[in-house]
Amino acid sequence: MFKTFPSGGIHPPELKLTGSAPILYLPVPETVTIPVSQHIGAPAVPLVSKGDYVKTGQLIAAGQGFVSSNIHSSVSGKINKIDTIIDSTGYRQSAIFIDVEGDEWIDSIDRSSEIIREIKLTTPEIIKRCQESGIVGMGGAAFPSHVKLAIPSGKNCNILIINGVECEPFLTSDHRLMVEKAAEIITGVSILMKALNVDNAMIGIEANKPDAIACMTEEASLVRGISVHGLKVKYPQGAEKQLIKALTNKEVPHGKLPLDLGIVVQNVATAFAIYEAVQKNKPLFERVVTITGKSLTNPGNYFVRTGTPIVRLIDAAGGLPEDTGKIISGGPMMGKAVNNTGVPVVKGTSGIVLVPLEDAKRETIKPCIRCAKCSSVCSFNQEPYLMMALAERGLWERAEASGITDCMECGSCSYVCPANRPILDYIRLGKSTVNKLKRERNAK
Amino acid sequence: MSNLFNISPSPHTHGPETTDKLMRGVVLALIPALLASVFYFGTGALIVTATSVISCVGFEYLIQRFILKKPVSITDGSAVVTGILLAFNLPSNLPVFIIIIGSLVAIGIAKMTFGGLGNNPFNPALVGRVFLLISFPVQMTTWPLPKGFQTGYIDALTGATPLAVIKEGIKNGESLVNLMEKIPSTLRMFLGNMGGSMGEVAAIALLIGFAYLLFKKIITWHIPVSIIGTVAVFTGILWLSNPGSFADPLFHILTGGLLLGAIFMATDYVTSPMNPKAMIIYGCGIGLLTVVIRVWGAYPEGVSFAILIMNAFVPLMNLYIKPKRFGEEIKNG
């Protein structure tokens, strides 16, 4: 019997078209556009200017303050310009444009394929290396890893949880990484355990990836304290709090963080990036991206340099299908729709999903029949229909009391609603308004 | 860029469920009971059902089209469900004009005046049924006895429902042992071979529908099980305390439309609570009120009234009975 979190959750069609497609290297493009903010926190500040020559792996923008992240060049070449772009989240931000010349890496990176298991760095050195290498959480939120690893005084971490759930339909980048790079990931987990000073790491993987469970279990058996756990397939199990509940049966209390329970969660792709940073001295400028969609001729998984426009990925997968109606950066449940194919791949891009036009439209909104299916699938046991109604009517105080800001926007309520009501859209409106009102109140 | 792409917030995919599908599922779950009523009461059952469905859908169309002047939504199937449920609560030989009046009350007064689907506080079919019960007491309580399949309306052979037999008998001082001999055996009642509203008689057909609804996840077990459980426990206590004057729990469960009410009427999405805790309280309330009305009230059966009374509490229950949220701290002591 596989474990899972108890209440709520859905099981959308898995559609993992690329689960057995080996990871290929996408050729380096002619130009890259590297945004200076690919993480949660303050944007990095560019260290280069127009005309400068940079090497692959060179620091080109420095993180500002503690909660921020360094940005490295993913290619070698000349800086063309530093300009404003609209990124995959739809916001304007600065980006560094580089015209590629060859592929000359900085010397400090160990480019051999040898797997180094012995960890020479001390705990503070590991955290410093993560910060220098611009490591961020690669499951989606892109939270700087060195912040997560620096345990504030008075708090203790005793369990490390590694997220290999990948519960979004379509996406397989973590899946393939676990199959092909298990040794590296497990070494990355050991590094994280050393950094956090914990003896116990639990790796959660959903049961629809038996090959990944097998590879990871085999590698984990070589290291003390790491256990691999198969989980029942259920969305949103990859959400931090739901994964903790599934693996440890502990509930992160309302308004608290996993660390308050002595738990830190990291994604498998992050563990891989940390392995490369610590053992190979390679900064984060490349990641696995799944390019997929029902109409694509050749969907697959690729190692992609950050800043690569997604059109390169689409071309590698057989070109943009005629019927494409929507392009999603991320999975279909929580990903962001992008409006053009020039959007660059960033540290948090796990996949690109091309949706045919007939699936890209929303159906007509009908009256709520009060079937309560939204409440029954809510993994936070909340009442989405009510939060929507309160946000629709602008009743912000009651929306706040209903716990609207706890919602993590997994979208299960909108997915399941038989009347096609835009529940999550209104919850987002309510969340942002309530948060704004809270900030104003605190400012007084 | 030659292509224009759709932009919308997540999620970018939708599940297979739609309102129309859910309503079709309910209609399918009602088919066994419809077949049973045709089997017992003949084509009269079909005439009543067809009249009720056609007039419910028709009134919804007319009101939306000509009075509200809004888009017509009869294809969602909710009026069909109301029509079938109203028919199931009527005797199988009810004059057609009375059925049409019932449909007008159900759709026009109980549903559309409140704003249509999703906004009505009371179950439309039950409002229609109770309106008819009060307005046409004789026609509404003249039950044809099941005589096997036959065509046309049955005129001659009518009789009281088992509940009415017991209620009248006890009022007239007859002993329960004698009365129990006048009513059909438990097996006959389970199969539906007794007088009553056309859709309520065959327990087995209703239970098949229940299984289908659960299997298709259209409803959850909470409301039906808590209603039936409460009736069983309450009547069980009465029966054990004085078997001479109170009927046994099984009799109460198989008669008077309790199963029809518990499975199909009380579980109506719009008029029932929206979380499991409130659903159980709602179900227990219906069970308690049903027994109180049956045993001590003026009417022999009380399911309709019990559901309508509890319908009135649903908004309050949704407001004050809340599920335990994830990560909510459990209060100590």
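This is a predicted model: local features need pLDDT of at least 70, side-chain atom pairs count only at pLDDT 80 or more; totals for chains, interfaces and linings use all residues.
Reader: What is chain B built from, and how much of it counts as buried?

Author: Chain B has 15 helices and two strands. As for burial, 50% of its 333 residues count as buried; the cut-off is 20 or more other C-beta atoms within 10 Å.

Reader: Which domains is chain B divided into?

Author: There's domain 1 (19–140) and domain 2 (160–320). Those bounds come from an automatic or database domain assignment. The centres of the two domains, taken over C-alpha atoms, are 21 Å apart.

Reader: How many residues does each domain of chain B put into their contact?

Author: Domain 1 of chain B puts in 31 residues and domain 2 of chain B puts in 29. On the domain 1 side, α1, α2 (43–67), α3 (78–88) and α5 (124–135) of chain B each supply at least two residues. The largest share of that side comes from α1(B), with 13 residues. By type, the domain 1 side divides into 23 nonpolar residues, seven polar and one charged.

Reader: Over to chain A. What makes its radius of gyration agree with a compact globule?

Author: Same kind of check. For 444 residues, a compact globule would have a radius of gyration near 22 Å, and chain A has 22 Å, so it agrees. The C-alpha trace of chain A spans about 65 × 50 × 50 Å along its principal axes. Chain A holds 14 helices and 17 strands, and 55% of its 444 residues count as buried.

Reader: How many residues does each chain bring to the contact between A and B?

Author: Chain A brings 48 residues and chain B brings 32. On the chain A side, β15 (324–329), β16 (336–338), α13 (412–416) and α14 (423–443) each supply at least two residues. β15(A) gives the most, with five residues. That side of chain A divides into 22 nonpolar, 15 polar and eleven charged residues.

Reader: Which residues touch the most other members of the largest nonpolar core?

Author: The core has 201 residues, and those touching the most other members are A:Ile161, A:Met178, A:Ile185, A:Met216, A:Ile274 and A:Leu313. Helix α1 (residues 19–41) of chain B makes the largest share of this core, ten residues.

Reader: Why is this core said to lie between the domains of chain B?

Author: Because domain 1 (19–140) and domain 2 (160–320) of chain B both give residues to this core, it lies between them. Take A:Leu313 from the chain A part: leaving out residues up to four places away in sequence, A:Leu313 touches A:Leu26, A:Val289, A:Ile291, A:Tyr302, A:Val304 and A:Ile352. Apart from this core lies another, of twelve residues, including A:Val32, A:Ala44, A:Ala61 and A:Val75.

Reader: Why is A:Leu259 called partly exposed?

Author: A:Leu259 has 17 other C-beta atoms within 10 Å. A residue needs 20 or more to be buried and 12 or fewer to be exposed, so a count in between makes it partly exposed. A:Leu259 lies in the loop between α6 (240–248) and β12 (263–267) of chain A. Its contacts, leaving aside neighbours within four places in sequence, are A:Lys155, A:Cys157 and A:Val264.

Reader: There's an open sheet in chain A with the order β2-β8-β7-β4. What makes β2 and β4 its edges?

Author: The four strands pair antiparallel. β2 (31–35) and β4 (53–54) of chain A each have a single partner strand, so one side of each is left without a neighbour in the sheet. Strands β7 (residues 77–86) and β8 (residues 92–100) of chain A, on the other hand, are joined to one another by nine bridges. One of the bridge partners is A:Arg92 in β8(A), which pairs with A:Ile86.

Reader: Which residues of helix α1 of chain A are buried, and what covers them?

Author: In α1 (residues 123–132) of chain A, the buried ones are A:Ile126, A:Ile127, A:Arg129, A:Cys130 and A:Gln131. Their cover includes α2 (145–149), α4 (182–196) and α7 (268–280) of chain A. Just after α1(A), A:Gly134 takes a positive phi of about 70°.

Methods:
Residues are numbered from 1 along each chain as its sequence is written. Chains are lettered from A and ligands numbered from 1 in the order in which they are written. Two residues are in contact if their C-beta atoms, placed from the backbone, lie within 7 Å. The radius of gyration is taken over C-alpha atoms; the globule rule is 2.2 Å times the number of residues to the power 0.38. Ala, Val, Leu, Ile, Met, Phe, Trp, Tyr, Cys and Pro count as nonpolar, Asp, Glu, Lys and Arg as charged, and the others, Gly among them, as polar. A nonpolar core is a set of buried Ala, Val, Leu, Ile, Met, Phe, Trp, Tyr and Cys residues joined through C-beta atoms within 7 Å. Two strands pair if DSSP finds at least two bridges between them.
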